[in-house]
Amino acid sequence: MAGLDVGYLAVYLLSLASVAVFGYAILWHARRTSTSIGPGRLLGLGEDEARRLASGDPVFLMHLSIAVGIGLSIANAILDPVMPYVPLLKDAFLVLSVPLIVGLVAAFVWRIQVYFRSKGVEREFKSTASFTSASTFLQLILMLAVALTASELALFWFPSLVIASGLVGVVRNSLVAVYYSRPSVNLVGNFDRPLSAVRTPFNLADVMSGKTDASAISIGAGKISDFDTSQRLTFDSCVEIGACEAACPATAAGRPLSPRVLVRKVSLLAREGGGSADPFTTVGEDELWSCTSCGACMSSCPVSVKHLDVIYDLRRGLVAKGKLDKEKSAMLENLAQNQNPYGFKNATRGDWARGLGVDTLATNPKAEYLYWVGCLSSFDQRAQRIARALSKILKQAGVSFAILGAEEFCVGDPARRLGEEGRYQELAYQNIEKLNSYGVKKIIATCPHCFNALKNEYPQFGGRYEVVHHTQLISDLIKAGRIRVPAEKIQKISVTLHDACYASRYNNVFDEPREILGASVSDVREMGRRKEKTFCCGAGGSNYWYKVPQQRSIAGIRTEEAQKTGAKAIATECPFCLSMFDDTTKVMNTGMDVRDVAEIVAECL
Amino acid sequence: MSGAVWSYSENESVSNEVASAAADVAKGASAEPVVLEIGAVRAGVRAPGAKLLLKGPATSDVPPEVAAEAIAKASKQLQPAAILIGATRYGREIASRLAVKLTVGCLSEVSKLSADGNALAGERNAFAGKVVAKVSCALPAIATVKVGYYAAVESAGTAVTESDVGQVNPLVKVVSREKKAAGAVDLRSAKVIVSAGRGVKKKEDLPMLEELAREMHGALGCSRPLSSDLGWLPEEHHIGLTGVTVKPDLYLALGISGQLQHTAGMKDSKVVAAVNTDKDAPIFQASDYGIVGDLYQIVPAIRKALASRR
Ligand SMILES: Cc1cc2nc3c(=O)[nH]c(=O)nc-3n(C[C@H](O)[C@H](O)[C@H](O)COP(=O)(O)OP(=O)(O)OC[C@H]3O[C@@H](n4cnc5c(N)ncnc54)[C@H](O)[C@@H]3O)c2cc1C
Ligand code: SF4
């Protein structure tokens, strides 16, 4: 008996020590990276996880099983000595362990599938042997942690095996302390950072005024030491979960990019090559240009790795080195000379509105809303129909609005996503100066990229407006009865909505377009990947302006998905998505129609 | 500043143009125009004054870095007031290298060159020819001279002096030369482009358009679907936002609807003509001349008209 007690005591103390080490490792990483991990943050994280739990995503449930399973087994180990005195507690633990064990077993099986997929991707990319073995190693650690946790929870049921259970816990806690304290800190630090929060390497106005020393700013990453602590924390936090790779449209299209491989390569290079290592020795140009900035990787990552923080800075590095082909440099040149990325004379920007009786702010500065048209809807004849449709709707509803006409410049999004931060901020400041001089308060945007920039990015440069996406406004107008679709005008067609990344995933606008469609067409079908889990059209992140090597087109993949719903039309809420699908549906001879939700409503009025 | 005004081009006819420019500049700078020859004196190159032969480098196939080094050596010794070089691809490379070696300014792609005692001046097109920039640079200076602007020099001096610049080693060794693969087109430099869109019904109809392009001394381009999606033509034929940007004298769009993604790549063409069955096709808004009609009738008609003119 004494022998057992000593053994028990030893294992118990070991368990406490291993938990303490894990706790200390977290504190250490948090301090080193100045990440706040106070109770407020943890509470917030809990709420966020609960929200995601409600979404019922199976992959998320598996990851939650791992986290909660570890938490429960740690609590069980610590509380073990008092268990005999609180019988209900033990029962509660036993009951809780069952779904967690199921989740963990599912997670283990899932990991096997992830393993084969990831090795397939690495073969495709011809990854180096050292990369592949480092990646396999981390995946095995994860599988081991899952297996150990599941066994520990199973051992709850066998009180006589308490020592074995304790030992399993010690090994698992040690693994967790070594491999998962950093991702835990990254998660606590980043879980609530919106997708739209792009790291801003410098502020042009501060540089121009001399407030920031121009020679001290680094534009883009040319070497590992150009990444700051938060970026290093983020790329070092990848533990090969692989959710990003499964979600990434670039990987799906057979482009040379997987967000997992990219951050892991940079992380391994930082570890092996140190601060002076050149990331472009391991990350390729096409790899970086393959990204559409859709944000699927970041929103699917269970530990909140911010892939785009790394990708944008590497793209800025390519821009700084002048590594731009003709299409990309032509786009930037057009922005500089013509204030639009296509090179059309900006004076003709407002021509689409001729004869429609649409005011400009110059003639009607008192208009309640500014309609920010955006470049594609201004210059592309197909996309102009969106602008005309919205104008018709607003007029019918009696909304007071005006456009800037030739005074509107590109919002700058294509430049920023390409990695030309300076040109982006130049355009942003010029636009803001104009908007503020007119005293603009409310803005409507039909382009989600403009919407996102105006709403989430411009405030940082002094432009604060109430910005709505046209689907939000139209939905409000319908609810308020200011526009009415008579029953006989409801269109008898089947439509599937393609959510634009920058509206849905970036800005949580996804119910409004559905409400609009519900009021204007007879049959709305849903694709599997929708709302914040939408699949990119392939145009974002400046991809509209250039091509990258790929096995198939991202828009083509999405078009097939839309076809599978059996719908006869694709509804869009972004001129770029419209343009992409207009092209694919024709080229693929789908016979499908592509229209913006605004066009659909306008046809019903 | 006195001294000489040197001129050089690797191309004989351009050389005669640049010599004219040098004669103009020399007048203003009260200097002598001198035509440079590297390695050997070429019979087809005329000089308004004397020729200066730089001896040392090989007599033919001189790589640009060698030409630049040879001219730099000679000019350190003889101190010319200005060096004018034909703005060919090769010439531009020499001029930029030379400017760095001599740490003097360089005016690029200029015409209407002149000089006074202190500066070299010229004019240069900017913003796709919308404005003319007047540029100048303190002497001694270098300029690359716009090709095709000056008439060739008429008078032909014969005096040749020599300057030995010694051996200059090339940095790059030419291993072999290969012709561009047959079928490769250079749409960017084509004066006439016949461009095919999805109005063309099948791949077998393309030779008809290729013929037309040949008869018009032009090249065949296409809209993206024909290359990327249908694979009827190689990628390098595709014109537009994600393809080549072209500015030919004549762009003939056959069965192209004229989406922005296409017109963004050809809108700066001098003259655009379009054939399309749809009178509302957007291409007509980007065109100077339009025919509403079937390309299968119009193309043979154009070919017939061309044949009857020959
Ligand atoms: C991101 C992105 C980038 C793109 N980049 C480019 C690009 O760089 N370049 C490019 O070209 N496209 C590009 N596109 C595609 C572009 O949007 C259009 O789909 C494409 O230009 C249409 O090609 P088309 O005019 O040949 O075909 P269509 O639009 O199908 O037009 C065919 C035309 O032929 C006419 N026609 C039919 N039969 C006849 C006949 N017998 N005689 C005469 N006319 C006839 C029809 O009336 C019609 O106008 C891009 C698309 C996207 C989404
Ligand atoms: S943002 Fe989208 S395209 Fe880019 S790496 Fe992430 S998932 Fe892939």
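1. Interface between the chains. In this predicted model, chain B and chain A bury about 1600 Å² between them. Carbon and sulfur atoms give 52% of that area. On the side of chain B, the residues that lose the most area to chain A are Leu241(B), Thr242(B) and Leu260(B), which together make up 33% of what that side buries. The contact involves 18 residues of chain B and 19 residues of chain A.

2. Confidence. For the complex, the predictor reports a pTM of 0.80 and an ipTM of 0.71. The mean pLDDT of chain B is 90, and 96% of the residues score at least 70. Where pLDDT is low, the predicted coordinates should not be read in detail.

3. Position of ligand 1. Ligand 1 sits between chains A and B, with 31 residues surrounding it. The closest of these are Arg198(B), Ser223(B), Ser257(B), His262(B) and Asn276(B). By class, the shell is made up of 16 polar, eight nonpolar and seven charged residues.

4. Elements around ligand 1. Four helices each supply at least two residues of the shell: H25 (575-587) of chain A, and H5 (224-229), H6 (260-263) and H7 (295-309) of chain B. The largest share, four residues, comes from H25(A). Leu260(B), listed above for its loss of area to chain A, falls within the range of helix H6 of chain B.

5. Backbone contacts of ligand 1. A nitrogen atom of ligand 1 lies 2.7 Å from a backbone N or O atom of Ile239(B). For Gly255(B), a polar backbone atom is 3.0 Å from an oxygen atom of ligand 1. On its own, ligand 1 has 980 Å² of accessible area, and the protein covers 90% of this.

6. Ligand 2. The residues around ligand 2 belong to chain A and include Cys248(A), Cys291(A), Cys294(A) and Cys297(A). Also in this shell are Pro249(A), Leu257(A), Pro259(A), Thr292(A), Ser293(A), Gly295(A), Ala296(A) and Ile311(A). Nine residues of the shell are nonpolar and three are polar, with no charged residues.

7. Backbone geometry to check. Two places deserve a look. The peptide bond from Leu139(B) to Pro140(B) is cis, with omega near -5°; Pro140(B) belongs to the loop between strand S7 (131-138) and strand S8 (141-145) of chain B. In chain A, Lys126(A) has a positive phi, near 50°, although this residue is not glycine. Lys126(A) lies in the loop that joins helix H4 (87-125) and helix H5 (129-155) of chain A.

Notes. Residues are numbered from 1 along each chain as its sequence is written. Chains are lettered from A and ligands numbered from 1 in the order in which they are written. This is a predicted model: local features need pLDDT of at least 70, side-chain atom pairs count only at pLDDT 80 or more; totals for chains, interfaces and linings use all residues. Side-chain values use heavy atoms; hydrogens and water are left out. A residue is near a molecule or strand if one of its heavy atoms lies within 4 Å of it. A polar contact is a pair of N or O atoms within 3.5 Å; within protein, one must be able to donate a hydrogen and the other to accept it, and residues adjacent in sequence count only if both atoms are side-chain atoms. Accessible areas come from the Shrake-Rupley method with a 1.4 Å probe; for residues, only the protein chains shown count as cover. Ala, Val, Leu, Ile, Met, Phe, Trp, Tyr, Cys and Pro count as nonpolar, Asp, Glu, Lys and Arg as charged, and the others, Gly among them, as polar. pLDDT is the predictor's confidence in each residue, from 0 to 100. Contact means heavy atoms within 4.5 Å. Buried area is the accessible area (1.4 Å probe) that two parts lose on being put together, summed over both.
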